[in-house]
Amino acid sequence: MRFLFINHLQNARQSIRANRMRSFLTMLGITIGVASITTILALSAGANQIVSSQVDALGGNIAVVRPGTLSESLEEEISNLTSAQFASSSLTKYDLKTIRETPHVEAVAPLMVLKSTIQSGDRAVVNTPIGTTTQDLEAVSTIELAEGEFLDPTLSHQTAVMGAQLAIELLGTDQAIGRTVKVKDQSFTVVGVLKRTNNPINYNNVDFDTALIVSTDSGEVLNQGVMSIQQINLKADSVTHLNEIMISLNKALLKNHYGQPDFSILTGEQIAQPTGRIFTAIAGVSVAIAAISLLVGGVGIMNIMLVNVAERTREIGIRKALGATNSDIVYQFLIESLVLSIFGGIFGYLLGYGLAFSLSMLLTFDAVFTWEIVGIAAGLSVVTGVLFGLYPALRAARKDPIAALRHYN
């Protein structure tokens, strides 16, 4: 059996070398398909890893309270990530007070996100995210100040912190301390500028590079007296107390909400789950589209194998006359199909990662290498080779040896 397998591999190599251009064009379809899928999966894995790494960087003692539940559908999850959803948020100021009074909670930062036009002199930036929060946001997130302070506690209703990119777009410089900006006829003095993150993807769902951050009181005024909380970030005084806090909070918030579990308390990987689900869904749709090119590549393999069977009909007759069974013929052509598909998959995998890492230089996250993607690329190559090579192999095996011997190319 081993001898036959080696013999079939040698025959496949000879056939491919005898028709190099034809074999190359056949493998090219598989290469493009596998490369497309590998690129999408590598970039998707990189995007998913961003939020998880941010949560890990905070030391594991962070929790997030959000409206809604984890068991919602993807459509509801997307809705939760939009500011329109937060207009009807189930979280209230009373919930915020309850969280602050919970034992072992060190810092609490509510977050409401608005969109508005920001003006300074004769310049304006439209559709700017306005983050409404407290000083504690600096302690419960990965943002850092480049200069200044994070909201003035004595004049918090008149002050704001500005993202580095917003400062450049609105003021023409990142030296924004002391400058005045206006939002909906409300004037704010910039007391701090954030360090550039070049990372719009985070568990707060705010691009802090382009955002303006104001106090909760100011946000309530800007939102016509309504404080609609998008999420509440909290920090435990110790990782060991986080589970205790979650149990206490769940009981207290259920009491606040009259027994209705219309909120979620998330920690660790759960914090990244909503964003990850959306990226996974986008990647799934993209992979499905990219799989069309793999299907085309499989059809190419079937076509070339049918041509090979037709050209080598006499060879099939000779092999059968010398004692080759139908199984031997099937294995011979199936292995040739697999060789074409696997080599196309290898080249596609390498090309896909090359493209993924090249594209990541233009994006805000890196492509990620995982063994799962290796397995997917290998599996797709093998399955394509078998599925599209099986029919030509069976057709070759069914040829009548006498009729095959009479065949002339």
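A patch here is made of residues with over 30% relative accessible area and no salt bridge, where like charges are joined within 9 Å and nonpolar side chains (Val, Leu, Ile, Met, Phe, Trp, Tyr) within 5 Å. A salt bridge is a side-chain nitrogen of Lys or Arg within 4 Å of a carboxyl oxygen of Asp or Glu. Areas are Shrake-Rupley with a 1.4 Å probe, and for residues only the protein chains shown count as cover.

The model is predicted, with local features needing pLDDT of at least 70 and side-chain atom pairs 80 or more, while totals for chains, interfaces and linings use all residues. Numbering runs from 1 along each chain as its sequence is written, and side-chain values use heavy atoms, without hydrogens or water.

On the surface, I342, F343, I346, F347, L350, V382 and V386 form a nonpolar patch with about 580 Å² of accessible area together. Two helices, α11 (326-360) and α12 (371-397), each give it two or more residues; helices are DSSP runs of H or I, at least four residues, and strands are runs of E, at least two, numbered from the N terminus. The largest share, five residues, is from α11. F343 lies in α11 and is partly exposed at 42%, that is, between buried (under 20% relative accessible area) and exposed (over 50%), using a 1.4 Å probe and protein chains only.

Next, α6, residues 164-171: A164, L166, A167, L170 and L171 are buried. They sit on the same side of α6, because their arc around the axis is only 160°, taken from the directions from the helix axis to the C-beta atoms. G172 follows α6 with a positive phi, near 80°.

Last, T102, in the loop between α5 (93-100) and β2. T102 counts as buried, at 8% relative accessibility. Leaving out residues up to four places away in sequence, T102 touches I245, S248 and L249, contact being heavy atoms within 4.5 Å.
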